[in-house]
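Let's take a friendly walk through this structure. Have the coordinates open in your viewer as you read.

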Amino acid sequence: MDLPISPGLLLTLIIVIIGIFIIAKGLVIVRQSEVMVIERLGSFNRLLESGINIIIPFIEQPRAITMIRYRKMGEDYHPVTSSEVRIDRRETVMDFPGQPVVTTDNVTVNINGALYYQIIDPKRAVYEVENMSQAVEVLAKTTLRSVVGKMELDKLFESRAEVNNEIQAAMEEAASKWGVKISRVEVQDIAMPEEVESAMRLQMAAERKRRATVTEAEGEKSAAIAMAQGQRESAILNAQGDKESAILRAQGEQESIKLVLSAIGDSDEHKRTVVGYLLGQSYIKGLPNMAKNGERVFVPYESSALLGSMGMFREMAGSPEDTVSRHLRSNDNQGGLRGGIVGGGGSAS
């Protein structure tokens with residue numbers, strides 16, 4: 001037996017179903033780092049932050065934002081356009097394809113860049129610009145051409161950080177009007193024509209060869225300077241040694257002459273005799289060296305007089321060695337010079 005449904009009960013069921021539908025449509029859950037722009041009857045009303053939010057169905061509607069993202073398929077990038085009601089506040093990277101740019105030295109290069117941006121004011125990003133992502137992309141490309149067009153090719157490779165900073169600084173003012181913050185801009189790849197790349201390789205090889213030549217020349221220069229300094233110091237030391245040796249020999253001869261004169265007398269005649277004897281000794285010592293270079297030896301005329309003086313010296317006082325020995329026995333405090341005088345006399349006999 002069917003139970004009749006009263007009109008009141010049917011109306012209640014319809015109201016309950018409509019209420020559940022309204023609640024289901026009006027209940028909006030927004031995730032962390034997301035935000036929704038809500039319009040009421042076509043005008044901006046409020047922003048829905050993360051958490052549970054309630055809107056009035058059919059009266060309040062979320063406003064969508066248009067986004068363009070690139071997907072790499074093989075070697076090419078293909079843009080994908082989408083309308084999203086949930087606006088992501090996280091930092092987003094836009095890897096746009098390479099752009100041809102002409103430098104000041106008329107070289108066309110293809111530059112591929114990456115742009116990092118973040119939506120900080122969703123209201124401006126929706127209402128101030130028709131397509132926020134496209135506007136940011138076009139602004140990045142035009143700014144890139146403007147900055148790179150002021151540089152030469154060599155400076156472009158050396159100043160990537162400078163290029164990145166200039167592009168970011170130029171984009172900040174325009175992007176801030178759209179509620180977008182430009183975090184950083186990175187120049188990824190710089191592709192050159194093949195002939196320019198070959199010329200740069202040759203230039204790089206020539207520059208390395210030049211540096212190697214300069215380094216080798218500097219090494220040879222340093223070695224030559226060091227060798228010259230060593231020779232100079234050696235010559236100075238040798239000269240000082242010769243000087244000191246000559247001074248010591250002269251002092252020894254002076255002491256010998258004084259001892260001989262003190263032994264035989266210091267009259268003028270005795271002085272001449274002693275000097276002649278010493279000169280005769282020098283001649284005799286030099287004769288072996290004079291005879292090394294030939295069979296004949298030419299003795300200077302003055303040597304006969306010197307030899308005569310030596311003979312006279314022996315006739316007067318026996319031999320200089322004996323005279324000095326007698327004097328040294330009487331003066332024990334001068335015994336240190338005996339060996340040198342006796343040795344000199346021995347060479348003459």
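## Overall picture

Of the 349 residues in the protein, 28% are buried. Keep in mind that this is a predicted model. Its secondary structure comprises 10 helices and 11 strands. Among contacts with a separation of 6 or more, 59% are between residues 24 or more positions apart.

The protein has an accessible surface of about 22900 Å², and carbon and sulfur atoms contribute 55% of that.

## A nonpolar patch on the surface

Several nonpolar residues, including Ile 5, Leu 9, Leu 10, Phe 21, Leu 41 and Phe 58, belong to one surface patch. Together the patch members have about 1200 Å² of accessible area.

Ile 5 sits in the segment before α1 (7-26). Is Ile 5 buried or exposed? Ile 5 counts as exposed because its relative accessible area is 59%, and the cut-off for exposed is over 50%.

Helix α5 covers residues 160-176, 17 residues in total.

## Thr 92 in strand β9

Thr 92 belongs to strand β9, residues 92-102. Its side chain reaches the backbone oxygen of Arg 90 at 3.3 Å. Leaving aside residues up to four places away in sequence, Thr 92 touches Leu 115, Tyr 116 and Tyr 117.

## Salt bridges

Side chains of opposite charge can pair when their charged atoms come close. The model holds 14 salt bridges, counting a side-chain nitrogen of Lys or Arg within 4 Å of a carboxyl oxygen of Asp or Glu. One of them links Lys 141 to Glu 137, with the closest N and O atoms 2.8 Å apart. These two residues are four apart in helix α3, so about one helical turn separates them. Lys 141 is buried, at 15% relative accessible area, and Glu 137 is buried too, at 4%.

Arg 31 and Glu 34 also meet in a salt bridge, at 2.9 Å from N to O. Here Arg 31 counts as exposed at 55% relative accessibility, whereas Glu 34 counts as buried at 12%. In helix α6 (residues 194-264), Glu 207 and Arg 210 lie three residues apart, about one turn, and their closest N and O atoms are 2.6 Å apart in another salt bridge. Glu 207 is partly exposed at 29%, as is Arg 210 at 46%. Elsewhere, salt bridges with shared partners join Arg 31, Glu 34 and Arg 86 into one network.

Key
Residues numbered from 1 in each chain as written. Predicted model: local features only at pLDDT ≥ 70, side-chain atom pairs only at ≥ 80, totals over all residues. Heavy atoms only, no water. Patch = residues over 30% accessible without salt bridge, like charges linked within 9 Å, V, L, I, M, F, W, Y side chains within 5 Å. Areas by Shrake-Rupley, 256 points an atom, 1.4 Å probe, with all protein chains shown as cover. Buried < 20%, exposed > 50% of the residue type's maximum accessible area, 1.4 Å probe, protein only. Expected span 1.5 Å × (residues − 1). Contact = heavy atoms within 4.5 Å. Polar contact = N/O pair within 3.5 Å; in protein donor to acceptor, adjacent residues only side chain to side chain.
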